[in-house]
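Visitor: I would like to learn how to read a protein model feature by feature, beginning with the whole chain and ending with single residues. Could you take me through one?

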Amino acid sequence: MRICQVHPGCGITIPPPSWGAIEKIVWEFNTNLKKLGHTVDIKFLNEINPLEYDVIHCHVTNLAIQLAERNIPYIFQLHDHHVYHYGKSSPLFELTLKAIDNSTKTLVPARFLVDYFNHPKVEYFAHGVNVDELYPIDKTPPTQPKLLMVANNGLAGDNTFDRKGFKYGVGLAMLNNLPITIAGPSNNKEFFNANLWMLNYSKLNLVFDTPNNKLLELYHKHDIFIHPTMLEAGHPNLTMIEAAAAGLPIIANWEYSTDFHGAWRSPRDVFKMDIGLKDIINNWDTYRYNLTQTSNKLSWLNRSIELVKIYK
């Protein structure tokens, strides 16, 4: 097939050097669809001509609407959690619904979004992970595990909002006197400037703008991944699957309708998260085995095989 992945046009190169979730997804589809023998281009919207491709895959709402205005058929993949945050009376919901209405098919990476839109064109399609770049190393059960969070915090333009649950991660570390690293883009500094109390914890390490080619090293230096998020478009999201592929058992908050073996599900409650921490340490090998099976199943190659079925 001749396939075009529409460049999101967000000012981030593809592949992204560090942060850039949509750009990473576009690149992985591009790479793995080519492995499957398809012709794939990544193009900006104004470079795409009618009838040039068998499938056009668009990842941004306003670009999907522009494709519809040009009478170019497309598959739409939604990545924006704000459409849920702002609610069904918001202009963003109306725009997103328009993009869905005009699509051939719309893919969403969370089952709650299928229910939210309740639209015949919407179906669940999970994210993936590059298991060639991210893989586990042998580790014995740690007595003093090093905790890790990797996230871009904030919500709706407010970088001080704790959507990703940094406070709960640090709280869990403080409860057990454990080291914790929080990694993410530089705009996380705004969050910590608004929550200076967290910097009093001497075992907190902050890392900013880790390049993608250093992610594996970051994961391997730590033992358990912490993800007490309160809103994600992806369930599981990219960092959960990446941590699993790198061999880190996970304590996370994600939707009940989606299984993720190798992780302890916990609400934003440091005491319930603490129960998960103890369970992971006591059942270390089982968690590590399960998360490897989960991440291999969700490899980008396997996700691309499933994507081709939708394309056809």
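Visitor: What percentage of the 312 residues in the protein chain do the buried residues make up?

Guide: Please keep in mind throughout that this is a predicted model. Buried here stands for a relative accessible area under 20%, and residues of that kind make up 54% of the 312 in the protein chain.

Visitor: How many helices and strands does the protein chain have, and what is its radius of gyration?

Guide: The protein chain has twelve helices and twelve strands. Its radius of gyration is 20 Å, close to the 20 Å that the globule rule gives for 312 residues, so the chain is as compact as a globular protein of that length. Along the principal axes, the C-alpha atoms fill a box of roughly 60 × 40 × 35 Å. As for the contacts with a separation of 6 or more, 68% of them are between residues 24 or more positions apart.

Visitor: Let us turn to helix packing. At what angle do the axes of H2 and H4 cross, and within what distance do they come?

Guide: The general idea is that two packed helices are described by the angle between their axes and the distance between the axes. In this structure, the axes of helix H2 (residues 61–69) and helix H4 (residues 91–101) come within 9 Å and cross at roughly 45°. That angle makes H2 oblique to H4, and the crossing in which H2 passes H4 is left-handed.

Visitor: Which residues make the contact?

Guide: From H2 the contributors are Thr61, Ala64, Ile65 and Glu69, while H4 supplies Leu95, Thr96, Lys98 and Ala99. Sorted by class, the contact of H2 with H4 has four nonpolar, two polar and two charged residues.

Visitor: Which residues of H2 are buried, and what covers them?

Guide: The buried residues of H2 are Thr61, Leu63, Ala64, Ile65, Leu67 and Ala68. Their cover includes strands S1, S3 and S4 (75–77), together with H4.

Visitor: What is the phi of Asn71, the residue that follows H2?

Guide: The background is that most residues other than glycine have a negative phi, and most peptide bonds are trans. Asn71, which follows H2, has a positive phi near 60°. Leu51 also has a positive phi, near 65°; this residue lies in the loop between strand S2 (39–43) and strand S3 (55–58), and at 81% relative accessibility it counts as exposed. For Ala156, phi is positive as well, near 55°. Ala156 belongs to the loop between S7 and helix H6 (166–176), and its 34% relative accessibility makes it partly exposed.

Visitor: Which peptide bonds to proline are cis, taking Pro15 and Pro236 as the cases to examine?

Guide: The bond from Ile14 to Pro15 is cis, with omega near 0°, and Pro15 lies in the loop between strand S1 (2–6) and helix H1 (21–35). A cis peptide bond also joins His235 and Pro236, where omega is about 0°; Pro236 is placed in the loop between strand S10 (224–227) and helix H9 (238–245).

Visitor: Is Ser304 buried or exposed, and which residues is it in contact with?

Guide: Ser304, a residue of helix H12 (residues 300–311), counts as buried because its relative accessibility is 0%. Leaving aside neighbours within four places in sequence, Ser304 is in contact with Glu28, Phe29, Asn32, Leu33 and Leu36. Ser304 and Thr286 are 18 residues apart in sequence, and their C-alpha atoms are 28 Å apart in space.

Visitor: Where are Asn195 and Asp132 found?

Guide: Asn195 is found in the loop between helix H7 (188–194) and strand S9 (204–208). With a relative accessible area of 8%, Asn195 is buried, and it touches Thr160 and Lys167 once residues up to four places away in sequence are not counted. Asp132 is in the loop between strand S6 (122–124) and strand S7 (147–150), and at 59% relative accessibility Asp132 counts as exposed. Between Asp132 and Thr229 there are 97 residues in sequence and 27 Å in space, taken C-alpha to C-alpha.

Methods. Residues are numbered from 1 along each chain as its sequence is written. This is a predicted model: local features need pLDDT of at least 70, side-chain atom pairs count only at pLDDT 80 or more; totals for chains, interfaces and linings use all residues. Side-chain values use heavy atoms; hydrogens and water are left out. Axes are lines fitted to C-alpha atoms, for helices over the stretch in contact, and angles run from 0 to 180 degrees between N-to-C directions. Helices (H or I, at least four residues) and strands (E, at least two) are DSSP runs, numbered from the N terminus. Angles under 35 degrees count as roughly parallel, over 145 as roughly antiparallel, 65 to 115 as roughly perpendicular and the rest as oblique. A crossing is left-handed if the near helix is turned anticlockwise from the far one by less than a right angle, and right-handed if clockwise. Contact means heavy atoms within 4.5 Å. Ala, Val, Leu, Ile, Met, Phe, Trp, Tyr, Cys and Pro count as nonpolar, Asp, Glu, Lys and Arg as charged, and the others, Gly among them, as polar. Buried means under 20% relative accessible area, exposed over 50%, partly exposed in between (1.4 Å probe, protein chains only). The radius of gyration is taken over C-alpha atoms; the globule rule is 2.2 Å times the number of residues to the power 0.38.
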